[in-house]
Amino acid sequence: MADYRLACQSREASLLGRKEVFMGKAKFGIFGDGKEVAQIAMAKVFRNGDFRSGYYRDQTFMMAIEELSLSAYFAQLYAHTSVEAEPASAGRQMTGHFATRMLDENGKLKPLSKLKNSSADISPTAAQMPRLVGLAQASKLFRENPELKGFSDLSVNGNEIAFGTIGNASTSEGMFFEAINAAGVLQVPMLVSVWDDDYGISVPKEYQTTKGSISRILSGFQRTKNEKGFEIFTVPGWNYQELCRTYEEAEKVCREEHVPVLVHVIEMTQPQGHSTSGSHERYKSKERLEWEREFDCIRKMREWMVEQGIALPETLDAIEKEAKTLTKQAKDKAWRMFEQDTQASQKSLLAILRKETTNPDLVAIKEHLEKTMNPERLDAVKAAKKAARALAGKDSEVRNELCQWLKDSGADNFERYNSYVYSQSEWSALKVNPVAAEYAEDAPVLDGREILQACFDAALKRDPLTIAFGEDVGKIGDVNQGFAGLQEKFGQLRVADTGIRECTIIGQGIGLALRGLRPIAEIQYLDYLLYAIQILSDDLANLQYRTKGGQKAPLIVRTRGHRLEGIWHAGSPIGMILNSLRGMFVLVPRNMTQAAGFYNTMLQSDDPCLIIECLNGYRLKEKLPANIGEFKLALGVPEILKEGNDVTIVTYGSMCRIVMEAANDLEAAGINCEVIDVQTLLPFDTNHIILESVKKTNRVVFADEDIPGGATAFMMQQVLEVQKAYAFLDSAPVTITAKEHRPPYASDGDYFSKPNPEEVFEKIYEMMRESNPERFPALY
Ligand SMILES: Cc1ncc(C[n+]2csc(CCOP(=O)(O)OP(=O)(O)O)c2C)c(N)n1
Ligand SMILES: [Mg+2]
């Protein structure tokens, strides 16, 4: 009876939600109608410590585990920016994007093993799958690694299941198959439900899935007596009893044996169609629509209850009526709270505007604001700005008050809409105290790779939650041997090989980090980051932002790039990275000692980051710091590699050596360069060290290996616009970049495509020649 009540309430929420959109009270609606009963069955086996990674149809499930109230449901529909009213995203996400708050108000992880947890949904279909693999894998690590037994706030012996949900059509995405395969290989407790309503918006299953059935085509994954694999179930979405039975069975094998499970829930419906954008009558036949009405899961549940004598029709009628009333009340309350909150600023502004009764412009602005229907915050801000403009240059008390109002509301709205791009907790990477590297007098001089290996050795020893994985990371300790010998020392669970599947390597990292582990996920070459850039951008980089500080995944992504040989092993698409990964820090150490310092910093922090090592640096010699496991580099602090007075060269990564070579040649030609390694691109030179240099040299060059207008354009914007260095320039700023194609194979391909010391020399020489042609005659 309680289940029926909940199903009815959730359905009412969907029906009312759609109406709210059509009344103009919300912008868009996508609802869970037609999927209620299966979600109630799934919720019955969802226990404390479990995780969900799902999609926008799961409202009934979230209500069933008591992590979504009806009023919170409507608060999200209205985009209420209060964390209390809308805990999933504080109004940042569209309706149907669920999340629990895993962090307390200080950014500290709550005892997740005692809570019901949902990772934060994202809109790209199937992109919930990669992180699901990691959420499930964490249970395996907690169960099988004895060193983790003490972390009972994170896991109770790895008994937690990661529940995934996905629409039938979204299983066509590559990352769905990649995640399924990865979970089968890893044998992790991942229980995926496919909500199959035969459609993906208007496109029917025959265009989506071979043989029209995901469980049929995945049947080769079915485990047998002798082979590990999946347990696969198929069950109709309108059969309450069968659903409950199926989920009980599915839970048992998944939780107890850590076997991945697929539950294919077929014959589901969409009573209101896909979303508020358009109606399904456009593409579903009359017969189909009739079938959907008949096989509506709530209707079927009701018929069954009556047939079985569980309830009288009148009793169920009463429940349905009560659900209507209750849902409407919750909706009205959510709207009142939303209105009160959004209109507070409008009211305070009107109080100011009403003080000015003589200026016709202000009276008109005030009247317009008073008449605006369902005013949003932007209406008040627009009115205030117009009014302030009308009073510009006048000495008026109202104007002063308006300016103060704008300042205050600017700060409030920043907090509402722009905060939490990066961690705001005490563990923010920007707050980690740097510790200088110390060297013994007889410090050993090692290959760069050995410096890193010593750093990773110390990190793995220091914290049992730290783990590393990627292609070839385990047995051989990565292709450049940064982890050499560490699998033997720390075990296969902590230093692990993975399949060739960059997207789910990152997904593993996200899921593991969400569950409190400290993963270092490796992408073998920077060129292959493209396979993972979508999930990094859509899921990891904005996790704190889209939950307004409710969740974090401090994942360290390790990769190597910039310069080696060939079209796919010399990449430096840094502009792409900077443009797509805001929310992550991007660190570009010029050598392995600097890299080690950044790993030590990031392992103490709760921000996610990408660390790009120099591909050609592993065999270069470096001195081993005595405190290799402890020294830490601050983020956003460039290092001046060479002081000079004539021109400032701003660069990073492998280009540091090229630029230094050119700078030495330029010195001989009488040009004194200051070379600055920015070290981190995000954040970028927070103390404006580069500006100080430009004040001295009055000339600036930005050099890297990205395409023209790539990351050099970003650095130029930071220095000229943000740091305001333009005022100190005597020459036009110059960028030195690679050509706009990737480098062909072999040394000549590299030389003629990437910037080389001669080119750096010439560009800077030309800059100096422009100001003093006599002193610097033409070269060639
Ligand atoms: C990567 C991506 N492509 C397209 C869309 C637009 N889109 C949103 S829902 C949807 C259909 C999904 O169908 P299905 O997975 O069957 O889920 P259902 O809505 O039927 O429950 C599409 C194409 C999207 N959100 N993400
Ligand atoms: Mg569908």
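Reader: Before we start, how are things numbered here, and what sort of model is it?

Author: Residues count from 1 along each chain as its sequence is written, while chains are lettered from A and ligands numbered from 1 in the order in which they are written. It's a predicted model, where local features need pLDDT of at least 70, side-chain atom pairs count only at pLDDT 80 or more, and totals for chains, interfaces and linings use all residues; side-chain values use heavy atoms, with hydrogens and water left out.

Reader: Which atom of ligand 1 does Asn168 sit by?

Author: An oxygen atom, 2.8 Å from a polar side-chain atom of Asn168. His274 also has a polar side-chain atom by an oxygen atom of ligand 1, at 3.4 Å. Thr125 uses its backbone instead: an N or O atom there lies 3.0 Å from a nitrogen atom of the ligand. A polar contact here is a pair of N or O atoms within 3.5 Å; within protein, one must be able to donate a hydrogen and the other to accept it, and residues adjacent in sequence count only if both atoms are side-chain atoms.

Reader: Back to Arg57. How far is Glu36 from it?

Author: They're 21 residues apart in sequence and 8.9 Å apart in space, C-alpha to C-alpha. Glu36 belongs to helix H2, residues 36-44. Helices (H or I, at least four residues) and strands (E, at least two) are DSSP runs, numbered from the N terminus.

Reader: Is Glu36 buried or exposed?

Author: Buried, with a relative accessible area of 0%. Buried means under 20% relative accessible area, exposed over 50%, and partly exposed in between, using a 1.4 Å probe and protein chains only.

Reader: How many residues of H2 are buried overall?

Author: Eight of the nine, so H2 is largely enclosed by the rest of the structure. Val37, Ile40 and Met42 are among the buried ones.

Reader: New topic: strands. Which way do E13 and E15 pair?

Author: Parallel, over six bridges, with E13 covering residues 556-561. Two strands pair if DSSP finds at least two bridges between them. As an example, Ile556 has Cys609 in E15 as its bridge partner.

Reader: What about E14 and E15?

Author: Those run parallel too, joined by three bridges, and Leu587 stands opposite Ile611. Between them the chain passes through helix H22 (residues 592-603), and this β-α-β crossover is right-handed. That means that, with the strands pointing away from the viewer, the path from the first strand over the helix to the second runs clockwise.

Reader: How covered is E15 itself?

Author: Six of its six residues, 609-614, are buried. Cys609, Ile611 and Glu613 point one way, and Leu610, Ile612 and Cys614 the other.

Reader: And E12, how many of its residues are buried?

Author: Six of six there as well, in residues 518-523. E12 pairs with E10 (residues 466-470) in the parallel sense over five bridges, and four bridges join E12 to E13, again parallel. Glu522 figures in both pairings: its partners are Gly470 and, in E13, Arg558.

Reader: What's the order in the six-stranded open sheet?

Author: E2-E1-E3-E4-E8-E7, with parallel pairing. E2 and E7 stand at the edges, each with a single partner strand, so one side of each is left without a neighbour in the sheet.

Reader: What's the phi of Asn374?

Author: Near 40°, a positive value in a residue other than glycine. Asn374 counts as partly exposed, at 33%.
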